[in-house]
Amino acid sequence: MPKSAHPERETQNRILNFFQKELGYKYLGNLSEDQNYNIRWGDWKKFLNESGYSDVFIDAIETKFAQIVADFSQSPYHTNKEVYRILKYGLKLAEHPGGSPKTVYFINWEEPEKNNFYIAEEVTVNGNVEKRPDIVLYINGIAVAVMELKKSTVSVADGIRQNVTNQREQFIQRFFSTVQICAAANDSEGLRYGTSGTTEKYYLEWKEDNFTDQLQDKDDLDKEIEAACSKELNLLEKQCYRIFQKERLLDIIHNFIIYDSGIKKVCRYNQFYAIKRCQKRLARNQGGIVWHTQGSGKSLTMVWLTKWILENITGSRVLIITDREELDDQIEKIFTGVDLQIARSKSSDDLLNLLNNYDSRLMCSLIHKFGRRTGEVSDLDYEKYVEELKKTIPVGFSVKDKVFVFC
């Protein structure tokens with residue numbers, strides 16, 4: 001530990017100042033004297049008014065959204081998943097009886113500057129037991145992040161346990177139905193982050209983007225963030241910048257959170273940077289290799305990249321190729337677990353049929369099903385292998401749409 005120890009209050013004041021001056025968040029004040037909720041309806045209505053909706057329609061939207069946020073009849077996971085779906089894809093509601101539903105977005109994902117970002121401290125929440133998170137971040141009045149701060153002589157693990165405890169039913173579980181990022185931090189260890197429901201073991205550290213990619217693979221936002229972090233900021237401030245810079249935070253929430261068979265997950269820093277590089281390559285119509293070590297999360301990297309491709313590239317399809325039955329089975333279970341339908345080919349003819357029609361946007365197959373040959377294909381017999389493969393392709397065959405292949 002360093003010799004100097006920052007009192008917790010000093011750290012909190014400095015972080016509040018950092019979010020306002022460096023990141024452009026508006027300070028809502030010390031909310032220790034109020035009963036607070038995870039949606040500040042006045043700020044939420046302000047955003048919808050600015051988006052052009054009438055007061056009458058906003059009231060109807062509020063009634064519907066409030067019911068969803070408060071419905072814990074199934075589980076906290078289910079409620080949070082439904083709220084997230086609405087934040088990402090919008091809430092469909094007819095403005096007038098008998099009219100066609102409109103999709104109303106509570107966050108402007110395309111134009112970050114048109115959202116209202118707020119920060120508050122000592123946010124008192126009365127659940128079964130009163131709790132007071134140190135820092136809460138809001139987007140358009142919706143609580144999206146909670147942070148517990150500790151002085152440098154107190155372990156970040158204490159703050160993580162505080163976050164985990166607060167989410168229990170006997171405390172303020174309902175407050176977290178809108179929360180996407182949970183964090184704990186101090187000056188000596190920096191920041192650790194997870195999402196709602198993340199257990200202590202799986203809190204993560206966000207490290208700098210020090211990969212050896214070519215400079216053109218870094219966009220203007222990458223450069224802006226890294227330039228800011230090269231200034232005289234301490235470890236905690238750098239990590240706050242890399243996660244909570246407005247555009248970056250929206251990107252993480254929109255594209256890097258997943259609900260996986262009962263567990264909500266957020267990306268690791270290496271997954272985030274790998275996928276951002278893939279997006280740059282795809283924009284240039286290039287392929288490439290993502291290098292992974294064991295346990296680095298390649299399956300979820302594939303899931304996040306697949307979701308991004310299917311949602312952002314018109315006419316896109318994804319085919320995932322593996323070389324073992326157990327991997328093929330695992331891929332199917334992973335995508336099914338995150339509510340993505342995947343077509344698993346049963347034979348060579350089945351795979352060709354999948355490629356030859358538009359029905360399946362996501363497919364998986366064993367590499368053996370490309371032809372009758374077995375074993376590895378050496379450079380010497382490659383041309384012969386291709387010729388044999390072509391013989392199995394039916395007359396009139398053509399791959400439909402644009403297929404992205406993961407091997």
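**Figure 1. An open sheet of four strands, running β14-β15-β13-β16 with parallel pairing.** The strands at the edges are β14 and β16 (402-406), each pairing on one side only. Here two strands pair if DSSP finds at least two bridges between them, and β14 and β15 get there with two bridges in the parallel sense. Look for Arg-344, which sits opposite Cys-364 of β15. As for the naming, helices (H or I, at least four residues) and strands (E, at least two) are DSSP runs, numbered from the N terminus. Bear in mind for every view that this is a predicted model, where local features need pLDDT of at least 70 and side-chain atom pairs count only at pLDDT 80 or more, while totals for chains, interfaces and linings use all residues. Residues are numbered from 1 along each chain as its sequence is written, and side-chain values use heavy atoms, with hydrogens and water left out.

**Figure 2. Helix α11 and what it packs against.** The helix covers residues 325-337, and its 13 residues should span 18 Å at 1.5 Å a residue; the expected span is 1.5 Å times one less than the number of residues. Which residues of α11 are buried? They are Asp-328, Ile-331, Ile-334, Phe-335 and Gly-337, where buried means under 20% relative accessible area, exposed over 50%, and partly exposed in between (1.4 Å probe, protein chains only). These buried residues pack against β11 (257-260), α10 (298-312), β13 (316-322), β14 (343-344) and β15 (362-366). Contact, in this and the later views, means heavy atoms within 4.5 Å.

**Figure 3. Asp-339, in the loop between α11 and β14.** This residue follows α11, and its phi is near 65°, a positive value in a residue other than glycine. Is Asp-339 buried or exposed? With a relative accessible area of 51%, Asp-339 counts as exposed.

**Figure 4. Ser-360, in the loop between α12 (348-356) and β15.** Ser-360 has 15% relative accessibility, so it counts as buried. Setting aside neighbours within four places in sequence, Ser-360 is in contact with Arg-317, Ala-343 and Leu-354.

**Figure 5. Asn-140 and Asp-43, two residues that touch.** Asn-140 is in the loop between β7 (135-139) and β8 (142-149). Although Asn-140 is not a glycine, its phi is positive, at about 55°. Its relative accessibility is 0%, so Asn-140 counts as buried. Asp-43 belongs to helix α2 (residues 41-50) and is buried too, with a relative accessible area of 15%. Not counting residues up to four places away in sequence, Asp-43 touches Leu-28, Tyr-118, Asn-140 and Gly-141. For a sense of scale, Asp-43 and Val-290 are 42 Å apart in space, C-alpha to C-alpha, and 247 residues apart in sequence.

**Figure 6. Ser-177 and its polar contacts.** Ser-177 lies in the loop between α5 (156-166) and β9 (181-186), and its relative accessible area of 2% makes it buried. What does the side chain of Ser-177 make a polar contact with? The partner is the side chain of Asn-38, at 2.9 Å. A polar contact is a pair of N or O atoms within 3.5 Å; within protein, one must be able to donate a hydrogen and the other to accept it, and residues adjacent in sequence count only if both atoms are side-chain atoms. A polar atom of the Ser-177 side chain also lies 3.1 Å from the backbone oxygen of Arg-174. Not counting residues up to four places away in sequence, Ser-177 touches Asn-38, Val-69, Phe-72, Thr-79, Asn-80 and Val-83.

**Figure 7. The hairpin of β9 and β10, with three residues between the strands.** β9 and β10 pair in the antiparallel sense over five bridges. Asn-186 stands opposite Gly-190 of β10. Strand β10 (residues 190-194) is mostly covered, with five of its five residues buried.

**Figure 8. Zooming out to the protein that holds these views.** There are 13 helices and 16 strands in its secondary structure, and 50% of the 407 residues count as buried. A compact globule with 407 residues would have a radius of gyration near 22 Å, and the 24 Å of the protein agrees with that. The radius of gyration is taken over C-alpha atoms, and the globule rule is 2.2 Å times the number of residues to the power 0.38. Of the contacts with a separation of 6 or more, 66% come from residues 24 or more positions apart.
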